[in-house]
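Please look through the sequence and the model below, and then read the short report that follows. Its headings take up the aromatic rings and the sheet in turn.

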Amino acid sequence: MPMKTKPVKQSASGRKHQKEKRKNIFLNFFGVLALIIPLTWAALGIYKYEEESTNEKKNYEASLPGIEKLIDSNKVCMATDAFMNGHEQIVVPNQEGNFYACSEPCISTLQLSEAERYAIDPVSNNRISKAKAFICLHPDRSGKVCYFETKENHLAFIKIHKNER
């Protein structure tokens with residue numbers, strides 16, 4: 001038969017040590033919790049922000065016309081060569097024709113810089129006035145546009161880039 005042992009009573013200092021140990025465990029637990037909660041909150045915020053940015057980019061790209069479609073010149077900022085998502089731009093009249101800009105700095109750029117009023121046709125490599133050009137969206141769907149001297153050049157460009165979509 002096994003021998004029974006008497007329970008040993010803890011001394012006052014042992015109980016005090018045990019109490020101090022529990023207090024330290026409690027403080028450490030809540031200290032770690034105090035770090036985990038804000039970090040989790042921040043990580044979720046970053047994830048949500050990235051998800052919204054991705055959705056906005058997808059929605060923007062879906063709203064863009066295909067490269068087959070010619071874009072009205074008044075929907076393009078000709079200083080930045082950017083499609084302005086269907087919004088009409090400010091007319092910048094010039095002896096070469098009407099140019100379009102999205103802001104005062106872009107208006108100044110078009111008025112002061114002859115180089116900004118011209119583009120290179122990607123098919124013929126001819127220098128052409130943006131005011132008289134046929135315009136379509138660039139195949140990379142970044143919002144940039146391409147200028148063409150003729151509709152035929154635009155159609156040739158489509159044939160070259162039709163597999164990039």
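## Aromatic rings

The structure holds 3 aromatic pairs, where rings of Phe, Tyr and Trp (its six-membered ring) pair if their centres lie within 6.5 Å, and planes under 30 degrees apart count as stacked, over 60 as edge-to-face and the rest as tilted. The rings of F29 and F30 have centres 5.1 Å apart and planes at 80°, so this pair is edge-to-face. Ring pairs also link F26, F29 and F30 into a cluster.

## Basis of the model

This is a predicted model, in which local features need pLDDT of at least 70 and side-chain atom pairs count only at pLDDT 80 or more, while totals for chains, interfaces and linings use all residues. Residues are numbered from 1 along each chain as its sequence is written, and side-chain values use heavy atoms, with hydrogens and water left out.

## The sheet

An open sheet is formed by 3 strands in the order β1-β8-β9, with antiparallel pairing; strands are DSSP runs (E, at least two residues), as helices are (H or I, at least four), numbered from the N terminus, and two strands pair if DSSP finds at least two bridges between them. β1 (70-71) and β9 stand at the edges with a single partner strand each, so one side of each is left without a neighbour in the sheet.

Between β8 (residues 134-137) and β9 there are 4 bridges, and C136 has C146 as its bridge partner in β9. β1 and β8 are joined by 2 bridges, and the partner of I71 in β8 is I135.
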